[in-house]
Amino acid sequence: MSTENIFTASRLTSGNFLFPVRIEVSRERVSRIKTSLIGSNEESIALSKVASVSIQTGLLWAEIRIDSTGGSNPIRSHGHRKADAHAIRDLIERFQQENS
């Protein structure tokens, strides 16, 4: 996967100091990866199953929410730069258009 499709949350935000959350966008799926001292936790949604992408911006950081069509739990991540949140949304939309 290209590093330009990996978006890392800021270490200055809550819960991201030691092990920041990463959002990875590929042509097949969107993944949220949270590493820890022992292992990691990964959530993925197939790109064809992404229903919507919501971005809530604050003064410095943005929260992104990616909903699936299957009704499963959405992928949520906070502490991303605003530009990264918009880039995530744009990549998802571009890959969906290319796959349809």
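Glu 98 is partly exposed, with a relative accessible area of 44%; here buried means under 20% relative accessible area, exposed over 50% and partly exposed in between, using a 1.4 Å probe and protein chains only. This is a predicted model, in which local features need pLDDT of at least 70 and side-chain atom pairs count only at pLDDT 80 or more, while totals for chains, interfaces and linings use all residues. Residues are numbered from 1 along each chain as its sequence is written, and side-chain values use heavy atoms, with hydrogens and water left out. A salt bridge is a side-chain nitrogen of Lys or Arg within 4 Å of a carboxyl oxygen of Asp or Glu, and the count comes to 7 salt bridges.

**Helix H1**
- Glu 98 forms a salt bridge with Arg 94 at 3.5 Å, N to O.
- Both residues belong to helix H1 (residues 82-99) and sit 4 residues apart, about one turn of the helix; helices (H or I, at least four residues) and strands (E, at least two) are DSSP runs numbered from the N terminus.
- Arg 94 is partly exposed at 42% relative accessibility.
- A network of salt bridges links Arg 27, Arg 94 and Glu 98.

**Strands E3 and E4**
- The closest N and O atoms of the salt bridge between Arg 32 and Glu 43 are 3.4 Å apart.
- Arg 32 lies in strand E3 (residues 29-35) and Glu 43 in strand E4 (residues 40-46), so this pair ties together parts 11 residues apart in sequence.
- Arg 32 is buried at 15% relative accessibility, whereas Glu 43 is partly exposed at 26%.

**Arg 81 and Asp 84**
- These two residues form a salt bridge whose closest N and O atoms are 2.9 Å apart.
- Asp 84 is buried, with a relative accessible area of 13%, while Arg 81 is partly exposed at 48%.
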